[in-house]
Amino acid sequence: MKGSFTMEKKPVILTGDRPTGKLHIGHYVGSLRERVKLQNSGKYDPFIMIADQQALTDNARDPEKIRRSLTEVALDYLAVGIDPQKSTIFVQSQIPALAELNLYYLNLVTVARLQRNPTVKAEIQQKNFNQSIPAGFFTYPVSQAADITAFKGQIVPVGDDQEPMLEQTREIVRSFNRIYGDVLVEPQGVFPPKGQGRIPGLDGNAKMSKSLGNAIYLSDDEDTLKQKVMSMYTDPNHIHVDDPGQVEGNVVFTYLDIFDDDKDRVQELKDHYRAGGLGDVKIKRHLFDVLNEHLTPIRQRRAEFAQDIPAVYDMLALGCERANLVANQTLAEVKAAMGLNYF
Ligand code: ATP
Ligand code: MG
């Protein structure tokens, strides 16, 4: 029989974001919402990382942006309900064990395998790297494997673009364990419901992204939100109100599908739009109301936390302390398994 004092080790959640800007509604549905739910279930030990080193892989010349965005991302976390009492929030660059693990894992991955990673491929195109891909960027999936395995992360709530990273991490774990002995844990991704894992940008671009300037930020004020919604991509052939409109690929409806809980109403709007007689301005006004209802409490909480930035940094420092304890322990196990414990 288990005694009442048994400390059961809870499964670890590991996830994070790059501090390349403020977080947007894509992050919210793609990952943040699920994280908060898992955190509040009390069944897990969540570690949430602000990936500043990964952000530098394609922003090496703009460290100021990373520094500024670190504060923004921390505020976004607190605003959506990530609670430092329940989740360990930490900063990648402050955990030296991660870089060391990355170095060992790089030897377990081939260049050809990295070249096949579809997310990295797409991002290289998006960022117009052509032949000048920073080596650190090219290998960031390996560094991500270090981040996940350092905490023995079992559950990784992320958007769809992260599936190839998880696959690559699992391969590294299997190679490592096969060669050096059973130390690392294979992670599983937790993905959003179908259609919500990669929400499109305001411009209709396949992915809302803080680096593409096509995002609705969690911190946008009401006027900015209204202006962005009004400028959204709809159906370019829906010129007159009476014209029949297309719902597929129409970003306003994509967002309504995700954010409007009244599904019957969304269906009615779609039918009306398809038949003709429903103007873009009307559906956009409705979307604004729906989004604003979601974002108002987040915006308010964010403003409160923003009043005490030093407290936010104290919280991060504490998180880093705990993260270092765990990551150093894993690194010691890794080095021992590899026979690198000489003294
Ligand atoms: P960057 O352009 O700098 O890469 P990003 O917007 O892609 O920024 P990340 O920090 O790379 O954001 O991703 C953080 C998390 O948010 C990941 O789990 C990712 O899958 C998820 N995510 C990012 N963009 C979207 C989106 N448009 N829809 C759903 N999930 C998303
Ligand atoms: Mg990204």
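Is L32 buried or exposed? I was working on a predicted model, in which local features need pLDDT of at least 70 and side-chain atom pairs count only at pLDDT 80 or more, while totals for chains, interfaces and linings use all residues. Residues are numbered from 1 along each chain as its sequence is written, and chains are lettered from A and ligands numbered from 1 in the order in which they are written.

Entry on L32. I noted L32 as buried because it has 26 C-beta neighbours inside 10 Å, where 20 or more make a residue buried, 12 or fewer make it exposed, and values in between make it partly exposed, with C-beta atoms placed from the backbone. I found L32 in helix α1, helices being DSSP runs of H or I with at least four residues, numbered from the N terminus. Setting aside neighbours within four places in sequence, I listed L23, H27 and V80 as contacts of L32, a contact being two C-beta atoms, placed from the backbone, within 7 Å.

Entry on ligand 1. I counted 19 residues around ligand 1, the closest being G26, G30, V158, G159 and S211; a residue is near if its C-beta atom, placed from the backbone, lies within 6 Å. Helix α1 (residues 25–41) gives the most to this shell, with four residues.

Entry on the domains. The assignment, which is automatic or from a database, gives domain 1 (12–200 + 308–337) and domain 2 (222–303), and their centres, taken over C-alpha atoms, are 32 Å apart. Their contact takes ten residues from domain 1 and seven from domain 2, and helix α3 (residues 63–80) gives the most to the domain 1 side, with five residues.

Definitions and conventions: Helices (H or I, at least four residues) and strands (E, at least two) are DSSP runs, numbered from the N terminus.
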